[in-house]
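Hi,

Here is the structure I promised to pass on.

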Amino acid sequence: MLNKKAQVGDTLTWIVATIIVFVMLFFFIFGASLLGKTKAITNFKVNLLSKSSSQTHDLFLTKSLFTYLRFENTKSGNDLYKKLTKLEENGNLGEPLVDRLDELKKRSQGK
Amino acid sequence: MNKKAEEKIISVYWFIILVVVAGGVFLMVNVFYGAPYDVRNIEANLLSEQIANCIASEGKVSSNLIDYSQNVWLEEFIDHFTDHCSLNFNPTGEWEKTQYYVEVNFYDAFDIRNLILNMSEGNSNWKPDCELQGKGYDKLVVCSKKEFYAEGLSENIYLIKILTVVRKTEQNVK
């Protein structure tokens, strides 16, 4: 009788252990499926953990500023600069307008 | 039950558990690393940059597009601008239709209603999908809208708007 009781106890332990193993497996598989969603890559990075993008300059701003420099100190140039300032105010530029302009001016002067 | 038989049953049980756990680990790794990387955003931006570099440089519309000596647009370039910009939109692999659409519009910089020139190439069916917002629609296409200014004919300044659309949903989204 005592032997039978011990056998029932042992079996119950194994059944509970098996259930725990299955529950944990299910939990981890579910977690992996949640974490393993499509990862959208939006900008170039040096590595996965770095916050900054390796692309340092806004190409479209640079092109617009080259146009501005062709018309600098003219009415068209001033109007164009106002438009670029508006774009910056609306957050449509990838970097500060004045900084990039200064950089391009320095470069064109060969500094 | 004798001890030998008990040990046999337990070893079979352990073997089954081992197989189940190994299968579970395989499934977890497969589910996690099987998810694709959606690089369409970068692809669309690269496409915009390639086109921008092709049609304008140093603040001026390219001489491939405008004949400055005669002050005229070059129709040959306009009709085949993707070829001239080294872009190939031919469908490859599993697709029958091209997965790209590109549209370049030239406006008067100070009168946005005045459309001066329009060039487009690719599958225009993807364009309306850019306007769809919300959950579920983001899987359809990825669009990139860029704009910049450049000097054109008769020292006029143009606002050049570039729209690029990349579909390739099957390759990039689960």
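B:Glu155 is exposed, at a relative accessible area of 58% (exposed is over 50%, buried is under 20%, and partly exposed is in between, with a 1.4 Å probe and protein chains only). B:Glu155 is not a glycine, yet its phi is positive, at about 55°. You'll find B:Glu155 in the loop between β8 and β9 of chain B. B:Ser154 is in the loop between β8 and β9 (157–166) too, and B:Ser154 also has a positive phi, near 50°, without being a glycine. For context, most residues other than glycine have a negative phi.

Before you read on, some housekeeping. This is a predicted model, where local features need pLDDT of at least 70 and side-chain atom pairs count only at pLDDT 80 or more, while totals for chains, interfaces and linings use all residues. Residues are numbered from 1 along each chain as its sequence is written, chains are lettered from A and ligands numbered from 1 in the order in which they are written, and side-chain values use heavy atoms, with hydrogens and water left out.

Now chain B as a whole. Chain B has 5 helices and 9 strands (DSSP runs numbered from the N terminus: H or I of at least four residues for helices, E of at least two for strands). The C-alpha atoms fill a box of roughly 105 × 30 × 30 Å along the principal axes. The radius of gyration of chain B is 27 Å, whereas a compact globule of 174 residues would be near 16 Å (taken over C-alpha atoms; the globule rule is 2.2 Å times the number of residues to the power 0.38). Of the 174 residues, 42% count as buried. Among contacts between residues at least 6 apart in sequence, 61% join residues at least 24 apart (a contact being heavy atoms within 4.5 Å).

On to the salt bridges. How many does the structure hold over all chains? There are 12 salt bridges over all chains, each being a side-chain nitrogen of Lys or Arg within 4 Å of a carboxyl oxygen of Asp or Glu.

One of them is in chain B, between B:Asp38 and B:Arg40, with the closest N and O atoms 3.0 Å apart. B:Asp38 is buried at 11% relative accessible area, and B:Arg40 is buried as well, at 0%.

Another pairs B:Glu103 with B:Lys127, the closest N and O atoms being 3.1 Å apart. B:Glu103 sits in strand β6 (residues 100–108) and B:Lys127 in the loop between β7 (111–122) and β8 (142–151), so this pair ties together parts of chain B that are 24 residues apart in sequence. B:Glu103 is buried, at 11% relative accessible area, while B:Lys127 is partly exposed at 32%.

Within it, A:Arg100 bridges to A:Glu103, with 3.1 Å between the closest N and O atoms. Both lie in helix α4 (residues 97–108) of chain A, 3 residues apart, which is about one turn of the helix. A:Arg100 is buried, at 5% relative accessible area, but A:Glu103 counts as partly exposed at 37%.

Over to you!
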